[in-house]
Amino acid sequence: MGFEGPVLHPGNLFVPIVNAVRDAVIAIQTRETVNADFNRWLMQFLFPEWEGKGEETRSFGSGFLIHPRGYILTAEHVIHSARSIWVKQRNGTVHQARLVLADAKRDFAVLQIPAPRPLPYLPLGRSGDAHVGEWVMAVGNPLGLENTVTVGVISAKDRPLRAKGYVYENVLQTDAAINPGNSGGPLINLNAHVIGMNVAVVQPSQSIGFAIAIDSLKPYIRPYLP
């Protein structure tokens, strides 16, 4: 399935972009079993979006389709230690996803869901061409609230970052609100192209979020791109 960019309307800039991308953004819920109290504490400390009650635990995250055959890109820490992975499309369809690839070092993972017909997907832009001060949009599943949209600008580029036990060599900093559950969702420019994958927010700050620059992920996910 091809992609036609949104038609932009003066004074209503973000609405057509949201309409162009929202069907390709995926809500993710994982289920896992944690037995020890220490492990439970550790998971809550590392991953704020993680919710644990007893032995059966759930966590929420985001992802986005990168291929019409059902390939989804998300953050590795979203599906870390998951016993099962469930994804929900905007139309309400729920699938159990298959884990195709997980890279804990670079904090990304590729999932796949059934695609009896071509699914809408997001084209990848060039994060290297992004500018500080450029408008961007984050779409995701913060706190389990599906298809939430926040808007801001790129605050900085080429940041090294150590967070959640991961070391990121090249991230985009943004003031678009990124909250627990946004991890794995897309950071989108005004061309409706993905330039980053949201991964972290500085707590308790509400305006310092980070996304992995998409150019740094392309070499590893190329087999799953159209």
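Which residue in β12 does Ala138 stand opposite?

Tutor: Ala138 stands opposite Leu187 in β12. First, some ground rules. The model is predicted, so local features need pLDDT of at least 70 and side-chain atom pairs need pLDDT 80 or more, while totals for chains, interfaces and linings use all residues. Residues are numbered from 1 along each chain as its sequence is written, and side-chain values rest on heavy atoms, without hydrogens or water.

Start with the overall layout. The chain has four helices and 14 strands. Both are DSSP runs numbered from the N terminus: helices are H or I with at least four residues, strands are E with at least two. The chain has 226 residues, and 50% of them are buried. Buried means under 20% relative accessible area, exposed means over 50%, and partly exposed lies in between, using a 1.4 Å probe and protein chains only. The accessible surface is about 10,600 Å², with 52% of it on carbon and sulfur atoms. That area comes from the Shrake-Rupley method with a 1.4 Å probe; for residues, only the protein chains shown count as cover.

Now zoom in on β9. Five of its six residues are buried, so the strand is mostly covered. With β10, it runs antiparallel over six bridges. Two strands count as paired if DSSP finds at least two bridges between them. Val136 stands opposite Gly152 in β10. With β12 (residues 186–188), β9 pairs over two bridges, again in the antiparallel sense. Met137 has Ile188 in β12 as its bridge partner, and Ala138 stands opposite Leu187.

Six strands close into a barrel, in the order β9-β10-β11-β14-β13-β12, with antiparallel pairing. On average, neighbouring strands of this sheet are turned by 50 degrees against each other, direction ignored. Helix α1 packs on the sheet and touches β9, β10 and β12; its direction makes about 40 degrees with that of β9. Axes are lines fitted to C-alpha atoms, for helices over the stretch in contact, and angles run from 0 to 180 degrees between N-to-C directions. Helix α4 packs on the sheet too, touching β11 (166–174), β13 (194–201) and β14 (209–213), and its direction makes about 40 degrees with that of β14. Contact means heavy atoms within 4.5 Å.

Aromatic rings of Phe, Tyr and Trp (its six-membered ring) pair if their centres lie within 6.5 Å; planes under 30 degrees apart are stacked, over 60 edge-to-face, and the rest tilted. That rule gives three aromatic pairs. One of them is Phe14 with Trp135, edge-to-face, at 5.5 Å centre to centre and 70 degrees between the planes. It links distant parts of the chain: Phe14 sits in α1 (residues 14–21) and Trp135 in β9 (residues 135–140), 121 residues apart. Phe14 is partly exposed at 25% relative accessibility. Trp135 is partly exposed as well, at 42%. Another pair is Tyr71 with Tyr224: the centres are 5.2 Å apart and the planes at 50 degrees, so this pair is tilted. Tyr71 lies in β4 (residues 71–74) and Tyr224 in the segment after α4 (214–221), so the pair ties together parts 153 residues apart in sequence. Tyr71 is buried at 17%, and Tyr224 at 16%.

Finally, follow the chain past β9. Asn147 is in the loop between β9 and β10 (148–163). Its phi is near 55 degrees, a positive value in a residue other than glycine. Most residues other than glycine have a negative phi. Asn147 is partly exposed, at 26%. Ser81 also has a positive phi, near 65 degrees. Ser81 is in the loop between α3 (76–79) and β5 (84–88).
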